[in-house]
Amino acid sequence: MNPLTLEYIAALAQQLAFISALLGGFAAAFFATLLVSQSPKRVAGWAAGLAAVSATCFIGATMVAAFLSVAAHPDAPARIAASAQNVSIRAVMGLLMILGIYTLFGALGTAGWVRSRALGIVTA
């Protein structure tokens with residue numbers, strides 16, 4: 001298996017940073033919306049918690065992707081550029097994004113139950 005080039009890693013990290021920042025902002029706004037809703041239902045807390053975890057994961061993935069983008073820059077020192085080739089850093093970014101996506105879907109699915117049973121069935 002051929003190792004990934006630094007140019008490819010930089011381009012991939014920039015794209016994933018943009019996507020995770022966008023989704024992280026959406027998850028944070030969704031979390032804030034759930035916090036201000038005065039629903040007495042327990043499921044509102046679950047939806048808010050899932051949205052908070054999602055926002056945190058996406059923000060973390062954005063930070064890791066930004067680091068990879070900087071580390072894979074052509075003018076980066078050799079020691080820093082070598083860290084961009086580290087598979088575990090890219091795995092952390094991928095895991096954070098996957099966890100963020102799943103928890104965002106969970107928050108969206110459970111949020112329907114806050115409004116009504118019918119909407120909860122549709123969103124779940």
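**Close-up views of a predicted helical model**

F26 and F30 sit four residues apart in helix 1, so about one helical turn separates them. Helices are DSSP runs of H or I with at least four residues, numbered from the N terminus. This is a predicted model, in which local features need pLDDT of at least 70 and side-chain atom pairs count only at pLDDT 80 or more, while totals for chains, interfaces and linings use all residues. Residues are numbered from 1 along each chain as its sequence is written, and side-chain values use heavy atoms, with hydrogens and water left out.

View A. The structure holds one aromatic pair. F26 and F30 form this pair and are stacked, at 6.2 Å centre to centre with 5 degrees between the planes. Rings of Phe, Tyr and Trp (its six-membered ring) pair if their centres lie within 6.5 Å; planes under 30 degrees apart count as stacked, over 60 as edge-to-face and the rest as tilted. F26 is partly exposed, at 42% relative accessibility. F30 is buried, at 16% relative accessible area. Buried means under 20% relative accessible area, exposed over 50%, and partly exposed in between (1.4 Å probe, protein chains only). An α-helix has 3.6 residues a turn, so residues three or four places apart point the same way.

**View B. The nonpolar surface patch.** F26 also belongs to a nonpolar patch on the surface, together with I98, I101, Y102, F105 and L108. Their accessible area together is about 610 Å². Areas come from the Shrake-Rupley method with a 1.4 Å probe; for residues, only the protein chains shown count as cover. Patches are made of residues with over 30% relative accessible area and no salt bridge; like charges are joined within 9 Å, nonpolar side chains (Val, Leu, Ile, Met, Phe, Trp, Tyr) within 5 Å. A salt bridge is a side-chain nitrogen of Lys or Arg within 4 Å of a carboxyl oxygen of Asp or Glu. Helix 4 (residues 87-115) gives the most to the patch, with five residues. F105 lies in helix 4 and is exposed, at 55% relative accessibility.

**View C. Helix 4 and its cover.** Helix 4 has 29 residues. From first C-alpha to last it reaches 43 Å, close to the 42 Å expected at 1.5 Å a residue. The expected span is 1.5 Å times one less than the number of residues. Its buried residues include M93, M97, G100, L104 and V114. The cover over the buried residues of helix 4 includes helix 1 (6-36), helix 2 (42-71), helix 3 (78-84) and helix 5 (117-123).

View D. S20, in helix 1, is buried at 0% relative accessible area. S20 touches F58, A61, T62 and M97, leaving out residues up to four places away in sequence. Contact means heavy atoms within 4.5 Å. L96, in helix 4, is partly exposed at 22% relative accessibility. With the neighbours within four places set aside, L96 contacts C57, G60, A61 and V64. S20 and L96 are 76 residues apart in sequence and 9.4 Å apart in space, C-alpha to C-alpha.

**View E. The loop residue S39.** S39 lies in the loop between helix 1 and helix 2. It is partly exposed, with a relative accessible area of 22%. S39 touches A44 and V114, not counting residues up to four places away in sequence. The C-alpha atoms of S39 and I59 are 27 Å apart, at 20 residues along the chain.

Notes: Helices (H or I, at least four residues) and strands (E, at least two) are DSSP runs, numbered from the N terminus.
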